[in-house]
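Here is a short briefing for a reader new to this structure. Take a look at the chain before reading on.

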Amino acid sequence: MDDEDRIALLIDYENLALGSRDHLGVPFDLRPVADALAERGRVVTRRAYADWSYFDDDRRMLTRNHVELIEMTQRMGASRKNAADIKMAVDAVEMAYERDYLTTFAICTGDSDFTPLVHKLRELNKRVIGFGVRDSTSTMLPPACDEFLYYDDLDGVVPAEAVPAAEKGIGARKGRGRGSTGKGAAAAAPVEEPEPSTEDNGESTPDLAALVAQTVSGLQRSSGGAVTASVLKRTLVRKDSTFSEAAYGFRAFGELLDHLAGRDIIELSAGPAKGDPEVTLPEEGGRQDAFALLRQTVGELDEGSGVALSGLKDQLRARREGFSEKPLGYGSFLQFAKGADAAGLVQLRRQGSGYVVTAP
């Protein structure tokens with residue numbers, strides 16, 4: 001554990017909440033951010049700064065994720081600018097000086113006002129990871145960070161226009177923000193419908209395959225190096241402290257990996273130490289087959305103007321029962337379509353507020 005990065009997560013909540021609502025059409029969810037950080041180290045401090053009277057519903061989501069809420073109450077009619085920003089910057093510098101065990105700061109905001117803070121933290125030999133909604137992030141902030149992750153691109157974040165028709169309206173909840181009518185405005189939060197089980201091993205097996213594949217994919221992106229079984233197990237536990245291979249019917253983690261390798265979800269090879277194999281995702285196989293299915297479906301549906309991404313997943317499921325992009329390592333159908341576009345099998349482009357897919 002001593003070689004793990006220890007991360008302080010600081011959230012300019014108003015910036016992210018309004019950015020997600022206004023530009024993505026969905027309420028902000030901390031889980032994709034927490035999962036991305038779990039692939040990079042151990043989060044030991046979680047704080048979010050806002051006037052929480054404007055975000056009543058969001059408070060419950062954050063407290064469930066063990067975030068300390070820093071209240072920045074504003075007097076009626078007083079200027080709100082920089083109130084939370086200054087408190088967040090002061091706390092960050094104080095922690096950098098007083099808590100030597102912190103190696104990394106995750107600064108969640110798109111506000112360019114935090115650029116001097118980022119420079120100061122790096123000056124103090126702290127690594128800085130930034131998070132922000134793409135269309136509400138200043139161009140000055142990302143280059144200042146050691147790593148910057150756009151919230152839009154995180155696994156599990158799906159813009160409202162990219163949600164399949166069958167999934168819209170499921171589990172909708174309300175998000176509140178300063179710019180809404182009264183104290184809040186309703187916004188639908190897309191919730192993935194349960195994946196149908198196509199295995200004989202039990203209903204939880206598809207969820208396990210998706211969890212492991214997405215975690216391996218995220219570790220490969222964040223580290224750029226080998227992902228060993230021990231690193232994978234630590235990351236799974238950081239994402240969900242209750243994770244246990246025994247819950248899925250396996251006596252040891254190695255047995256779980258052998259099972260997934262036998263289903264071509266992952267590949268195992270000799271690692272740096274005996275009993276600690278290297279884990280990778282298959283380069284071809286199921287992913288190329290799924291890309292081919294997408295291309296074929298788009299070709300059948302395209303009448304010359306392309307096929308809307310919203311609802312396309314339902315079309316794939318109609319042609320292949322139980323289809324899911326998650327065991328292939330993709331956090332959302334949008335990311336799966338981007339992968340097919342990168343492979344040259346389809347073309348994905350923005351059109352208005354949505355996405356359109358064509359077969360070249």
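The notes below cover the overall build, the nonpolar cores and the aromatic rings.

This is a predicted model, in which local features need pLDDT of at least 70, side-chain atom pairs count only at pLDDT 80 or more, and totals for chains, interfaces and linings use all residues. Residues are numbered from 1 along each chain as its sequence is written, and side-chain values use heavy atoms, with hydrogens and water left out.

**Overall build**

- The chain has twelve helices and 13 strands. These are DSSP runs numbered from the N terminus: helices are H or I with at least four residues, strands are E with at least two.
- Of the 360 residues, 48% are buried. Buried means under 20% relative accessible area, with a 1.4 Å probe and protein chains only.
- Among contacts with a separation of 6 or more, 62% join residues 24 or more positions apart. Contact means heavy atoms within 4.5 Å.

**Nonpolar cores**

- The largest nonpolar core holds 29 residues. Such a core is a set of buried Ala, Val, Leu, Ile, Met, Phe, Trp, Tyr and Cys residues joined through side-chain atoms within 4.5 Å.
- Y13, L30, V33 and F131 have the most contacts inside this core.
- Elements giving two or more residues to this core include strand 1 (6-12), helix 2 (31-38) and strand 5 (127-132).
- Helix 1 gives the most, with four residues.
- Neighbours within four places in sequence aside, Y13 touches F28, Y49, A50, W52, F55, D58, M61 and L62.
- A second, separate core has 22 residues, including I70, A84, F105 and A144.

**Aromatic rings**

- There are 14 aromatic pairs. Rings of Phe, Tyr and Trp (its six-membered ring) pair if their centres lie within 6.5 Å; planes under 30 degrees apart are stacked, over 60 edge-to-face, and the rest tilted.
- F323 and F333 have ring centres 6.4 Å apart and planes at 85 degrees, so they are edge-to-face.
- F323 is in the loop between helix 11 (312-319) and helix 12 (333-342), and F333 is in helix 12, so the pair ties together parts ten residues apart in sequence.
- F323 is buried at 4% relative accessibility, and F333 is buried with a relative accessible area of 4%.
- One aromatic cluster is formed by Y13, F28, W52, F55 and Y151.

Terms used:
Buried < 20%, exposed > 50% of the residue type's maximum accessible area, 1.4 Å probe, protein only.
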